[in-house]
Amino acid sequence: MFGLIGHSPSFEDARVKARSLGFEEYADGDLDMWCTAPPQLVEHVTVESPTGQQIRGAYIDSVFVPEMLRRFKTAKRKVLKAMELAQRSGIDITALGGFTSIIFEDMNLLREERVSAVSLDWQRFTTGNTHTAWVICQQVETNAPKVGIDLARARVAVVGASGDIGSAVCRWLQRRGVGELLLVARRPQPLIDLQQSLGSGRILSLEEALPEADVVVWVASLPQSLQIDTTTLRRPCLMIDGGYPKNLDAKAAAEGVHVLKGGIVEFWQDIGWQMMEVAEMERPQRQMFACFAEAMLLDFEQIHTNFSWGRNNITLEAMDRIGAASLRHGFRSLELDPARLGARATLAPA
Amino acid sequence: MATLTSATEASAAQVPAGDASQALASAPVGDGQSSDLPDFQSATYKDAYSRINAIVIEGEQEAHDNYIAIGTLIPDQAEELTRLARMELKHMKGFTACANNLGVTADMAFAKQFFAPLHNNFQAALAEGRVTTCLLIQAILIEAFAISAYHIYIPVADPFARKITEGVVKDEYTHLNYGQEWLKANLDAVREELEQANRENLPLVRRMLEQVAGDAAVLQMDKEDLMADFLSSYQEALTDIGFTGREIARMAAAALVG
């Protein structure tokens with residue numbers, strides 16, 4: 001059985017969802033009440049691969065909302081308690097979605113193995129980052145030619161290059177062969193280390209990189225204050241918005257700049273779950289974050305281990321492996337809409 | 001899911017709190033053990049401890065009495081219940097030793113008053129032979145709360161009390177388990193009474209917690225942690241008894257909004 005740990009995109013969304021599911025007490029409750037509320041296993045689903053294989057899964061709402069980010073202890077407890085519930089429910093492999101994996105990493109919850117009476121078994125969890133990185137690479141490879149970019153000559157900027165997903169994307173693109181990799185991140189030392197390990201790539205600031213880049217892969221979420229001067233961007237320019245939350249649409253909208261939501265996949269048929277309706281997808285019955293899909297893939301493939309875990313452990317072999325599984329079990333990466341390139345993303349015909 | 005190059009870059013455009021993720025970046029990274037323990041010898045600590053410790057002692061005493069009383073309602077279980085009751089008395093002695101160790105006199109008058117609402121509900125149910133309500137109050141609510149509170153107390157306890165409390169927690173699980181098993185076996189017959197008992201008693205637990213939140217904070221036990229942990233344990237017990245997630249969410253709401 002696979003599991004997904006998710007949360008609503010905002011407190012208001014969470015309350016609306018609670019009301020629609022008939023939980024009036026929660027819908028009327030204030031943020032303090034939601035802080036105290038334990039995680040909920042809200043639904044079970046059965047998912048069938050084109051191979052005919054069926055797996056069962058569960059969606060756990062951590063009852064975390066982004067408004068709780070400033071309450072460190074609450075945020076930490078929400079993630080750990082949701083993981084505890086997943087483990088107690090006998091789920092073999094669970095993906096951490098949305099802010100939960102960010103909280104897990106930033107607050108270094110690996111040290112918090114023991115939650116009250118339960119010892120968390122890390123083998124049962126995955127960040128889903130390997131699949132996310134693979135999907136982002138697919139999105140670059142598939143969509144660049146569609147907007148007239150020749151990857152073999154293109155400059156590809158990776159913003160957040162030294163992170164878990166960013167470094168994997170750099171390694172993949174280097175193997176595939178692109179014109180030049182532009183490496184962007186906040187902290188200098190990890191970037192220098194990455195450049196050395198790649199043996200190529202140019203380190204630039206964000207301001208320097210943007211006007212040079214034909215393709216920009218964003219895997220760091222954007223500061224709210226960040227302004228992008230679209231007049232300095234190259235035309236055409238492909239931007240893959242792989243951060244969380246996804247807010248690049250508003251910042252980089254311009255003629256000839258094509259923004260695609262990154263790290264999102266579509267399943268080959270409807271799944272029939274209720275909870276995903278709040279997950280900011282255009283087609284919530286089929287589309288989901290690639291990290292969630294990784295838990296399904298690992299269950300389909302009977303790989304019940306923490307496939308993506310820790311920082312900068314993603315190998316090209318692991319990406320190849322999860323990518324092959326992704327295709328085999330009916331997932332496709334989100335692509336630019338050929339009719340309205342840049343304005344709206346959907347699936348292109350094969 | 002995409003992680004951040006640096007958490008300070010996370011802005012969370014959808015987070016009204018603005019620089020919430022920036023705050024996250026500066027979050028203390030701990031191992032769950034507070035390196036900054038309270039000053040166990042300070043007058044403030046001892047004053048708060050005199051009430052918290054009294055509640056624990058009274059709680060164990062009530063537990064003893066309650067298990068013996070439940071034994072009169074289900075005579076075929078009386079022997080097992082007497083065994084559980086004896087363990088509670090042993091715990092009570094342990095916690096009394098904790099107070100002595102710190103040179104604190106437990107405020108038992110406060111504790112009696114503190115437990116009065118739950119005590120009265122239990123006695124009323126006992127008088128009417130409502131074994132389900134008795135078990136919910138003692139074997140589920142009180143035990144689940146005790147387990148959560150002990151877990152949160154252990155990392156911030158003085159070394160003597162920590163050792164005692166760690167030993168107690170192990171026993172309390174068997175008590176919670178006892179109540180669960182009986183209610184599970186009889187769920188069809190007791191479901192309605194259980195829901196009613198939940199409505200009547202769960203809000204009391206929250207009010208009791210609020211009453212001592214200030215003292216608990218002096219002992220470095222956070223009210224929200226206590227409540228959240230209790231609800232998790234309670235939810236787990238109800239799941240085991242056989243309620244669905246939706247039913248449990250509704251039942252738990254009684255603690256949150258009641």
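Author: Happy to. Keep in mind that this is a predicted model. Chain A averages a pLDDT of 90, and 94% of its residues score at least 70.

Reader: Where does pLDDT stay under 50 in chain A?

Author: Over residues 342-350. For that stretch the model has 17 contacts beyond four places in sequence.

Reader: What makes α4(A) roughly parallel to α9(B)?

Author: The axes of α4 (residues 72-88) of chain A and α9(B) cross at roughly 10° and come within 11 Å. Angles under 35 degrees count as roughly parallel, so α4(A) gets that label against α9(B).

Reader: Which residues of the two helices meet there?

Author: From α4(A) come A:Lys73, A:Thr74, A:Arg77, A:Lys81 and A:Arg88. From α9(B) come B:Glu224, B:Asp225, B:Ala228, B:Ser232 and B:Glu236. By class, this contact of α4(A) with α9(B) has one nonpolar, two polar and seven charged residues.

Reader: Why is A:Lys17 called partly exposed?

Author: A:Lys17, in helix α1 (residues 11-20) of chain A, has 19 other C-beta atoms within 10 Å. Buried takes 20 or more and exposed takes 12 or fewer, so A:Lys17 counts as partly exposed.

Reader: What is the phi of B:Gln220, and what is the phi of A:Asn312?

Author: Phi of B:Gln220 is near 65°, and phi of A:Asn312 is near 55°. Each is a positive value in a residue other than glycine. Most residues other than glycine have a negative phi. A:Asn312 lies in the loop between α11 (290-300) and α12 (316-328) of chain A. With 17 other C-beta atoms within 10 Å, A:Asn312 is partly exposed.

Reader: Which peptide bond is cis?

Author: The one from A:Arg235 to A:Pro236, with omega near -10°. A:Pro236 is found in the loop between β11 (215-218) and β12 (237-241) of chain A.

Reader: Why do β10 and β13 of chain A stand at the edges?

Author: Look at the order of the open sheet of six strands in chain A: β10-β9-β8-β11-β12-β13, with parallel pairing. β10 (202-203) and β13 (257-261) each have a single partner strand, so one side of each is left without a neighbour in the sheet. For β10(A), strand β9 (residues 180-184) of chain A pairs over two bridges in the parallel sense, and A:Leu183 stands opposite A:Ile203.

Reader: What makes both faces of β14(A) covered?

Author: In strand β14 (residues 264-267), A:Ile264 and A:Glu266 on one side are buried, as are A:Val265 and A:Phe267 on the other.

Reader: How many bridges join β14(A) to β15, and how many pair β14(A) with β16?

Author: Three bridges join β14(A) to β15 (residues 287-289) of chain A, running antiparallel; A:Glu266 has A:Gln287 as its bridge partner. β14(A) also pairs with β16 (residues 331-333) of chain A over three bridges, in the antiparallel sense. There, A:Phe267 stands opposite A:Phe331.

Methods:
Residues numbered from 1 in each chain as written. Chains lettered and ligands numbered in written order. Predicted model: local features only at pLDDT ≥ 70, side-chain atom pairs only at ≥ 80, totals over all residues. pLDDT = per-residue confidence, 0-100. Contact = placed C-beta atoms within 7 Å. Helix = DSSP H or I, 4+ residues; strand = E, 2+ residues; numbered from the N terminus. Axes fitted to C-alpha atoms, helices over the stretch in contact; angles between N-to-C directions. Parallel < 35°, antiparallel > 145°, perpendicular 65-115°, else oblique. Nonpolar A, V, L, I, M, F, W, Y, C, P; charged D, E, K, R; others polar. Pairing = 2+ DSSP bridges.
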